[in-house]
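Hi,

Here is the structure I promised to pass on.

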Amino acid sequence: MIKMNKIKNILSTPLIFVLLFIFNCLFTNNFASWYTVKSIITQSTSLALVAVGATFVIAAGGIDISLGSGFAWNAVLFALVLQWTESLPVAMLAALCSAGLIGLINGINVVKFRIQPMIATMAMMYILRAFAKVITNGATVRIHSKWLKEFCYTSFFNGILPIHFFIIIIPLVVVMIIVKKAPFGLYIEACGDNLEAAKTAGIRVVFNTVIAYMICNVLTAIGGIFDAGSVSSADPMALGILVEMDAIAATVIGGTSITGGKPNFIGTIFGVFILQIITIMINMNNISEQWSYVVSAVIIIIAVVIQNIKKIRGA
Amino acid sequence: MKNEIKHSLLGKINISSGLIALIAVILVGILFNPALFLSYQNIQNILRQTVTNALLAYGMAFVIICGSIDLSVATTLGLSGYIAMSLLPYSFPMAFIVTMLFGVVVGAMNGYLIAKINFPPMIATYSMQLLIKGIILVITNGITLKPQADNLIVKYFGHGMVLGFLPLGFVVLVVLYSICSYSLKNVPLIRNIYAVGGNEEAAKMMGVNVFKTKITAHIICSVLACLAGVNVAARTGAATAGAGDGYDMLAIASVVIGGISMSGGRGKFSGCMYGAMVVAILSNIFKLQNFLNAYWERAIIGMVLLAVLLTQVIINQDGLKNRLKKHI
């Protein structure tokens, strides 16, 4: 019985995705093609990276709304360092280090100083977005890197499988292995479930949660670099706007409890796909883009209601 | 006896952290450029800017004390300004009533999702934000609406003066403040907000109607956001789709700077007034200087927010308290 429940939990989000997909295959012209699947994958890559990171933090009982700004700041930093040094590894390293540092500060503020996660990261959100604008004076920074551009558009098997697929899958598999096999995953879950109990049980609460924040921010930075790399420019104004909210929404649709506890990474990825398929659905049906906000809202509400249906009946 | 006095003194130190921040910010302003900062026109500007911030912060305070949060205030503000301005040419009372009704509907929907369907407050109000944003864009098509200059709301709520020197908006604010803080202490339904925010289960067992209380808090928040929307439209003389962008975070910042606990159930209502003034004065000081470009503003607000939070943590932690106890 318990096993059945577990399977249900894991499958509920993919099921919503499959239903949406079938619905579109039936009612949207030209939807049923490999090209559509490919564009769902390519367009959700950076969001998927951010969302996997956000799932870590949310599972640890926190929340990080500085991700969208961090996304922009790290991409801008990457672009600028690349301009100054003209060396890809150095630029990469600079962006990832700054992301790690941001995660460290956020984590320490939240766990060590016990500031409410939303507020601590909100302050960070302001600071990072402003820094991204200050450092560039609000202008877009161009990225001149042939290698990066080619890397972002590589595809395998005669263009059937884009590199984006692997960029989603590899971090996902690594994270899943860490969570399932290493004690770290268990510690995070314990921190998210009950911080005091975890502390009493001898888990290094501060260390583990800070690591979760750092992983989250580093994944976000990778997403930002990838996003900027694909368009060969980093725009401090537009990059990463509302990415954090989409990531949180994807996490919740994916079945990770927003109050912390067991992370559901596969669910998160499908949550991202659901958000993306809505956008594609709106576009392909020639509905004006403004409606996508309304439809996203309705779908988020429906998804959460479906997941909470047992609770509602109980209450 | 002596202990009690100590405790009350320490209690006061905790409670008025918002006031301390306000005094600090005013001092910074005076030190920075006294002639400019204390000029008649500038004080008028600060009071006007405070109105929008504070209206949102009042509502946010109710919701946060209730243990919830509202991320939809910014878009509610945008749409309500638009509704008010587009209905105003027909009839003033109708415009007012429809706008306030809109607030009630949004608040009730938020409250229903959170209290009845057990939505996480952040997700419920975030999807509401998306929904309203979509509706604004669909209705307005991104076009700015400009009310006529002889428009009643613009004339009085936006630029009207009481006794020749107080902006009418500020007077409305003070009246609302007294109503809010009175009802938080004396009206049972609204007083229950503290109980629900402090411990929902305990409140339920004591016979508090949690559902009703939460919905009330959310309705108050959204209605105040609508008033803020009318205020913004009146002050700027235009209703735009993006009018409220960023105001939600400023409201939360005001509430937190005012010393109201984000975990709910604790905090004095007066705090959010101080917090709103702190945020307004900060951005005002920023506009008076010219050695940092405009992009720094948000960074500085963020840093001040972090600094205030860390100070609060340090004050509330045992360290300083014990040190103070030894001295007193």
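A:Leu47 sits in helix α3 (residues 45–59) of chain A; helices here are DSSP runs of H or I with at least four residues, numbered from the N terminus. With a relative accessibility of 12%, A:Leu47 counts as buried. For that label, buried is under 20% relative accessible area, exposed is over 50% and partly exposed is in between, using a 1.4 Å probe and protein chains only. Setting aside neighbours within four places in sequence, A:Leu47 is in contact (heavy atoms within 4.5 Å) with A:Val243, A:Asp246, A:Ala247, A:Val272 and A:Leu275. The C-alpha atom of A:Leu47 is also 7.1 Å from that of A:Gly223, although 176 residues separate the two along the chain.

Before you go further: this is a predicted model, where local features need pLDDT of at least 70 and side-chain atom pairs count only at pLDDT 80 or more, while totals for chains, interfaces and linings use all residues. Residues are numbered from 1 along each chain as its sequence is written, chains are lettered from A and ligands numbered from 1 in the order in which they are written, and side-chain values use heavy atoms, with hydrogens and water left out.

A:Ser44 is in the loop between α2 (34–43) and α3 of chain A. Its relative accessibility is 0%, so A:Ser44 counts as buried. Leaving out neighbours within four places in sequence, A:Ser44 is in contact with A:Val272, A:Phe273 and A:Gln276.

Now the core. By nonpolar core I mean buried Ala, Val, Leu, Ile, Met, Phe, Trp, Tyr and Cys residues joined through side-chain atoms within 4.5 Å. The largest one has 198 residues, and those touching the most other members are A:Phe78, A:Ile248, A:Ile300, B:Tyr58, B:Met122 and B:Ile252. Helix α4 (residues 40–65) of chain B gives the most to this core, 14 residues. Take A:Ile300: beyond neighbours within four places in sequence, its contacts include A:Ala249, A:Ile253 and A:Leu275, and from chain B there are B:Ile123, B:Tyr126, B:Ser127 and B:Leu130.

On to the charged pairs. How many salt bridges are there over all chains? The count is three, taking a side-chain nitrogen of Lys or Arg within 4 Å of a carboxyl oxygen of Asp or Glu.

- A:Glu196 and A:Arg114 pair up at 3.7 Å, N to O. They are 82 residues apart, with A:Glu196 in helix α10 (residues 195–200) and A:Arg114 in the loop between α5 (88–112) and α6 (117–136) of chain A. A:Glu196 is partly exposed at 44% relative accessibility, and A:Arg114 is partly exposed at 44%.
- A:Glu189 bridges to A:Lys262, with the closest N and O atoms 3.4 Å apart. A:Glu189 belongs to helix α9 (residues 183–193) of chain A, and A:Lys262 to the loop between α12 (243–253) and α13 (265–284), 73 residues apart. A:Glu189 is buried at 18% relative accessibility, whereas A:Lys262 is exposed at 51%.
- B:Glu200 and B:Lys214 meet at 3.1 Å, N to O. B:Glu200 is in helix α11 (residues 200–205) and B:Lys214 in helix α12 (residues 210–236) of chain B, 14 residues apart. B:Glu200 is partly exposed at 30% relative accessibility, while B:Lys214 is buried at 9%.

Cheers

Methods:
Helices (H or I, at least four residues) and strands (E, at least two) are DSSP runs, numbered from the N terminus.
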